Amino acid sequence: MILSDSLKNELQHAGKIVFFTGAGISAESGVSTFRGEGGIWNKFKPEELASFQAFMKNADMVWEWYQYRRKIVHDVVPNAAHLAITEFQKYYPSVVVVTQNIDNLHTRAGNKEVYELHGNIERNYCSACKKRYDFLEFKDNKVPRCECGGLIRPDVVWFGESLPPDELAAGEFAAEHCDVLFSVGTSSIVYPAAYIPLQTKKAGKYVVEVNLTETEQTRYFDELIKGKAGEVLPAILEEIKMFRKPLP
Ligand code: APR
């Protein structure tokens with residue numbers, strides 16, 4: 001059995017579930033994480049590729065890097081962890097995903113209510129006039145120009161930039177009003193996103209961490225389930241099916 005008695009009790013009575021996710025939930029789909037073994041930031045310098053200054057300094061290089069990451073995301077599919085969240089929607093009236101990931105895999109998996117704190121690599125906009133260029137295929141690795149002449153950039157949050165206020169507010173509201181929050185596959189060190197699970201604790205609700213290892217925030221949470229997200233979330237769901245019926 002993977003569920004502790006206290007988590008089982010919480011999940012028996014819960015109505016609102018939040019999944020706060022990081023790069024680790026997409027690792028089993030073949031999308032690299034940022035830190036740790038094989039992490040993106042071991043190979044690339046964030047200050048050279050993931051900041052507005054870097055974009056202004058060498059827009060083609062930054063754009064080419066996002067084209068490279070888009071190709072990776074296009075070539076992979078959601079894994080068992082993303083799909084398990086879709087299944088949770090059949091057993092709980094409210095299932096909200098608050099993610100730091102820009103890979104669009106939650107939405108592709110059928111997760112209905114998803115708030116993207118760091119943007120989405122499939123969306124773009126003009127850095128001058130803000131005109132949107134979403135879900136378009138850009139063949140060229142050279143940075144494209146808007147009809148206004150401005151440089152088109154990916155709609156992702158670069159270091160030093162603020163999070164999208166509506167997504168953040170919706171994520172905070174969900175975290176403060178949920179019954180159980182799962183913090184899945186995140187190193188919990190990048191703020192303000194990493195405040196989200198702490199808001200659930202502050203509201204006196206139950207927080208479960210799902211990760212291969214302990215993180216900076218494990219001590220604040222109710223429990224850590226060590227393991228791969230693509231194995232742990234489906235296993236939790238199998239046990240939930242033993243004490244909950246699907247919603248009518
Ligand atoms: N299942 C569960 N957890 C996993 C798995 C897995 N299969 N694989 C890795 N992990 C865990 C790692 O142990 C680590 O704690 O996922 C975490 C990934 O941490 P990071 O690489 O730091 O990613 P994340 O927390 O999402 O980074 C936050 O930093 O670089 C910025 O904007 C970027 O959104 C990103 C933010």
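## Ligand shell

In this predicted model, 22 residues surround the ligand, the closest being Phe34, Arg35, Thr186, Ser187 and Asn211. The shell divides into 8 nonpolar, 11 polar and 3 charged residues. Here Ala, Val, Leu, Ile, Met, Phe, Trp, Tyr, Cys and Pro count as nonpolar, Asp, Glu, Lys and Arg as charged, and the others, Gly among them, as polar.

Why does the ligand lie between domain 1 and domain 2? Both domain 1 (1-31 + 78-118 + 163-243) and domain 2 (33-75 + 121-156) give residues to its shell. The domain bounds come from an automatic or database domain assignment.

## Polar contacts and cover

A polar contact is a pair of N or O atoms within 3.5 Å; within protein, one must be able to donate a hydrogen and the other to accept it, and residues adjacent in sequence count only if both atoms are side-chain atoms. A ligand oxygen is 2.8 Å from a polar backbone atom of Phe34. Trp41 uses its side chain: an N or O atom there is 2.8 Å from an oxygen of the ligand. At Gln100, a polar backbone atom is 3.2 Å from a ligand oxygen. The protein covers 90% of the 730 Å² of accessible area that the ligand has on its own. Areas come from the Shrake-Rupley method with a 1.4 Å probe; for residues, only the protein chains shown count as cover.

An open sheet holds 6 parallel strands in the order 3-2-1-6-7-8. Strand 3 (113-116) and strand 8 (223-226) are the edges, each pairing on one side only. Strands (E, at least two residues) and helices (H or I, at least four) are DSSP runs, numbered from the N terminus. Two strands pair if DSSP finds at least two bridges between them.

Strand 1 (residues 16-21) and strand 2 (residues 94-99) are joined by 6 bridges. Thr21 stands opposite Thr99.

## Backbone exceptions

Most residues other than glycine have a negative phi, and most peptide bonds are trans. Asn104 has a positive phi of about 65°. Its loop links strand 2 to helix 7 (105-108). The Tyr191 to Pro192 peptide bond is cis, with omega near 10°. Pro192 sits in the loop between strand 6 (180-184) and helix 9 (195-202).

## Basis

Residues are numbered from 1 along each chain as its sequence is written, and side-chain values use heavy atoms, without hydrogens and water. Local features need pLDDT of at least 70, and side-chain atom pairs count only at pLDDT 80 or more, while totals for chains, interfaces and linings use all residues.

Technical notes. Near = heavy atom within 4 Å.
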